[in-house]
Amino acid sequence: MTAGLSNLTRLATMTEAEDSPLYVTALAKGLSVLTAFGPSRPAMNLLELADATGLNKSTIQRSVFTLEALGYLARDGGSKRYRLTVKSLEMGTGYLQTAELVERANPFIQQLNRQTGESCNLLEPWETDMVYVARFTSHKEMPIHVPIGQRLPMYCTAAGRAYLSALPKEAASAYIERSKRTAFTAHTVTDPGALMALLQRAHTDGFSLTTEEIYVGDIAVGACIVNADGQPLAAINISVPFSRWRPEQVLSDLAPQLVNTARAISSAAKGLKPAGTIKQQT
């Protein structure tokens with residue numbers, strides 16, 4: 001089974017796991033409370049948390065009490081609303097401090113950042129999204145702030161398409177079909193046939209270019225990182241604004257440097273297996 005296909009079966013596997021006597025339902029519910037918070041919901045009361053998670057009020061009360069006692073949640077001032085605390089960062093930073101791919105890729109991405117002077121990033125796949133796991137920002141003006149941990153859809157991002165282009169066609173097509181394919185801007189490509197054609201081009205070129213498909217004014221170029229077996233592990237990208245660049249300049253100046261960096265990281269990561277893979281089958 002390829003990395004992409006195994007990644008796609010994660011949700012089905014989770015359904016099977018829930019039927020196992022080893023599955024800790026209370027733990028799963030507690031984690032769903034922690035992951036319910038985000039930019040659009042930075043603070044919530046119990047009723048809002050119940051709505052966000054789909055859990056009943058009694059379960060929410062117990063989960064919130066426990067998470068507050070452990071230090072992961074705190075009341076927002078004197079209100080009945082709760083926020084994540086700085087302690088919650090431990091879960092995310094633990095991954096960043098132990099991920100082999102991040103450790104091996106960082107020196108190369110930092111060098112690319114120095115060469116180009118632009119924002120250079122490492123993204124790993126999760127479900128139908130790409131997640132920022134390393135980021136070296138530009139010292140020049142950047143209108144878009146993308147923090148570590150930010151998730152963006154595969155189908156309309158340069159890194160996502162680069163990753164998908166390295167998968168077998170049936171796996172890439174399955175990702176696209178499972179995606180919601182929202183039109184974030186007037187330039188977002190959402191048609192499955194058109195997306196598959198873009199993936200084929202990215203496979204041929206060795207990189208993917210997107211212009212204003214998720215953020216207005218943004219140009220991004222992405223290239224895939226693969227292991228010794230050709231399995232895609234992640235992708236790197238360079239993101240630049242239209243105020244300083246044009247797509248043709250990105251293609252001529254940045255894409256070759258990005259591809260060379262992706263190859264160097266692939267060589268350094270050749271012994272790694274795709275993260276999050278449930279099973280490796282031959």
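Buried here means under 20% relative accessible area, exposed over 50%, and partly exposed in between, with a 1.4 Å probe and protein chains only. These views come from a predicted model, in which local features need pLDDT of at least 70 and side-chain atom pairs count only at pLDDT 80 or more, while totals for chains, interfaces and linings use all residues. Residues are numbered from 1 along each chain as its sequence is written, and side-chain values use heavy atoms, with hydrogens and water left out.

**View 1. Helix 7 and its buried residues.** Helices (H or I, at least four residues) and strands (E, at least two) are DSSP runs, numbered from the N terminus. In helix 7 the buried residues are Leu101, Val102, Ala105, Ile109, Leu112, Asn113 and Thr116. They pack against helix 6 (89-98), strand 3, strand 4, strand 7, strand 8 and helix 11, where contact means heavy atoms within 4.5 Å. A bend of about 40 degrees sits at Asn106, and Pro107 follows within four residues; the bend is the angle between axes fitted to the seven residues ending at a residue and the seven starting there.

**View 2. The largest nonpolar core.** A nonpolar core is a set of buried Ala, Val, Leu, Ile, Met, Phe, Trp, Tyr and Cys residues joined through side-chain atoms within 4.5 Å. The largest one has 32 residues, and Leu101, Ile109, Leu122, Ile236 and Ile238 have the most contacts inside it. Two or more residues each come from helix 7 (100-116), strand 3 (119-126), strand 4 (129-136), strand 7 (218-226), strand 8 (232-241) and helix 11 (247-268). Helix 11 gives the most, with seven residues. Apart from this core lies another, of 23 residues, including Leu123, Met154, Cys156 and Cys224.

**View 3. Around Ile236.** Leaving aside residues up to four places away in sequence, Ile236 touches a set of residues that includes Ile109, Leu122, Val221, Leu258 and Ile265. Asn121 and Thr261 are also among its contacts.

**View 4. Helix 11, end to end.** At 1.5 Å a residue, the 22 residues of helix 11 should span 32 Å, and its end C-alpha atoms are 30 Å apart, which agrees; the expected span is 1.5 Å times one less than the number of residues. Helix 11 bends by about 45 degrees at Leu254, with Pro256 following within four residues. Among its buried residues are Val250, Leu254, Leu258, Ala262 and Ile265. The cover over the buried residues of helix 11 includes helix 7, strand 6 (208-211), strand 7 and strand 8.

**View 5. Strand 6 beside strand 7.** Strand 6 pairs with strand 7 in the antiparallel sense over four bridges, a pair of strands needing at least two DSSP bridges. Leu209 stands opposite Val221 in strand 7. Six residues lie between the strands of this hairpin, in which Glu212 takes a positive phi near 55 degrees.

**View 6. Ser239 and Asp218.** Ser239 lies in strand 8 and counts as buried, at 12% relative accessibility. Its side chain makes a polar contact of 2.6 Å with the side chain of Asp218. A polar contact is a pair of N or O atoms within 3.5 Å; within protein, one must be able to donate a hydrogen and the other to accept it, and residues adjacent in sequence count only if both atoms are side-chain atoms.
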